[in-house]
Amino acid sequence: IGYNKEFYKKNVGVLGLCMNLFILSMIGVVSADNALVFLIFWEMMTLASYFLVVYEYEKVESVRAGLIYIVMAHAGTAFIVAAFLFLYKWYGSFDFAVLRASVANLSGGPKDLLFVLFLLVTPWGNYSIYIPGPKDLLFVLFLLGFGVKAGIVPLHIWLPRAHPAAPSSASALMSGVMIKVAIYGLVRMVIDILGGGSPWWGVAVLVIASASAVLGVLYALVEHDLKRLLAYHSVENIGIILMGVGASMVFSSMGESGPARVALVAGLFHTLNHAIFKGLLFLGAGSVVFGTHIKNIEEL
């Protein structure tokens, strides 16, 4: 409430409305058990957060950040919509329970990523050529769709622009909660609905997660904008979370249920951990900016 005094020259009611719609939509996403309901709340979450990013519309950087965010977000949503439409075409239902029970009949993917790579470099071998199956297509669509909102490398370009542009109270929710909703979506669709799939799915998630973790922290180390530094730090931590998820997928595909559970719990624990401390960091940064009107660390 005290932080919002800075915006009293504007319509603070609009800020409050967007914040509450944002929270409501995120609760709706994780509560939905139907693809259509999921998409409605997912789109509501995107639009509410977009208006929070451009709330200070008199600033050119805020409008530009909002444009990049809304374009990237809807590109990601297009992949998710495509995946759900494929599932509906095959099974005639948007209900998650029906899809979970039916998708097991879809043909799977390669049994071993190394074997597939071997085929690519030795086309003269007497091996059958692998053709990706329907589940592989769905995995790629869900990974791209949720990966945009989660901010994985190289789909993270909107995140260090949008999070600093939004009011800090909104940034705390976007970085602390919204990108975790994308992690929820990925886990729900890939592990729960699709059943985890082939080993190469987990390997792909691990590779992307490792790149996000390393590049995220490298970007953060050379950043001087306080809020943008925290945004890049979120890219790093999303990578750490997905390392646990990817490892769980690899273990699960190998039949190692014990290590798979441990890896998934580790990833989900850090999801909660990061939600708490990143929310606090953005609120703390907001207090500093509110008191000094300076975001440059060197000037501070």
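**Entry 1: the largest pocket**

I sorted the lining of the largest pocket by class and found eight nonpolar, three polar and 10 charged residues. Here Ala, Val, Leu, Ile, Met, Phe, Trp, Tyr, Cys and Pro count as nonpolar, Asp, Glu, Lys and Arg as charged, and the others, Gly among them, as polar. I note that this is a predicted model, in which local features need pLDDT of at least 70 and side-chain atom pairs count only at pLDDT 80 or more, while totals for chains, interfaces and linings use all residues. Residues are numbered from 1 along each chain as its sequence is written, and side-chain values use heavy atoms, with hydrogens and water left out.

I read the volume of the largest pocket as about 440 Å³ (the space filled by probe spheres set on grid points that are joined across faces, edges and corners). A pocket is an open set of points on a 1 Å grid over the protein atoms alone, where a 1.4 Å probe fits, with protein on both sides within 12 Å along at least five of seven lines; lining residues have an atom within 4 Å of a point. The lining holds 21 residues, and Lys59, Glu61, Pro164, Ala165 and Lys295 lie nearest the centre. The elements giving two or more residues to this lining are α3 (60–91), α7 (159–165) and α10 (226–253); helices are DSSP runs (H or I, at least four residues) numbered from the N terminus. I found that α3 gives the most, with four residues.

**Entry 2: α1 and α2**

I looked up helix α1 (residues 12–31) against helix α2 (residues 35–53): their axes come within 8 Å and cross at roughly 150°. Axes are lines fitted to C-alpha atoms over the stretch in contact, and angles run from 0 to 180 degrees between N-to-C directions. The two helices are therefore roughly antiparallel (angles over 145 degrees; under 35 counts as roughly parallel). By class, the contact of α1 with α2 has 16 nonpolar, three polar and no charged residues.

**Entry 3: α2 and α8**

I then followed α2 to helix α8 (residues 168–193), where the axes come within 12 Å and cross at roughly 155°. This pair is therefore also roughly antiparallel. Among the α2 residues that meet α8 are Phe38, Trp42 and Met45, with contact meaning heavy atoms within 4.5 Å.

**Entry 4: α6 and α9**

Helix α6 (residues 134–150) packs on helix α9 (residues 199–221) at about 20°, with axes 11 Å apart. That makes α6 roughly parallel to α9. The contact of α6 with α9 has eight nonpolar, no polar and two charged residues.

Conventions
Angles under 35 degrees count as roughly parallel, over 145 as roughly antiparallel, 65 to 115 as roughly perpendicular and the rest as oblique.
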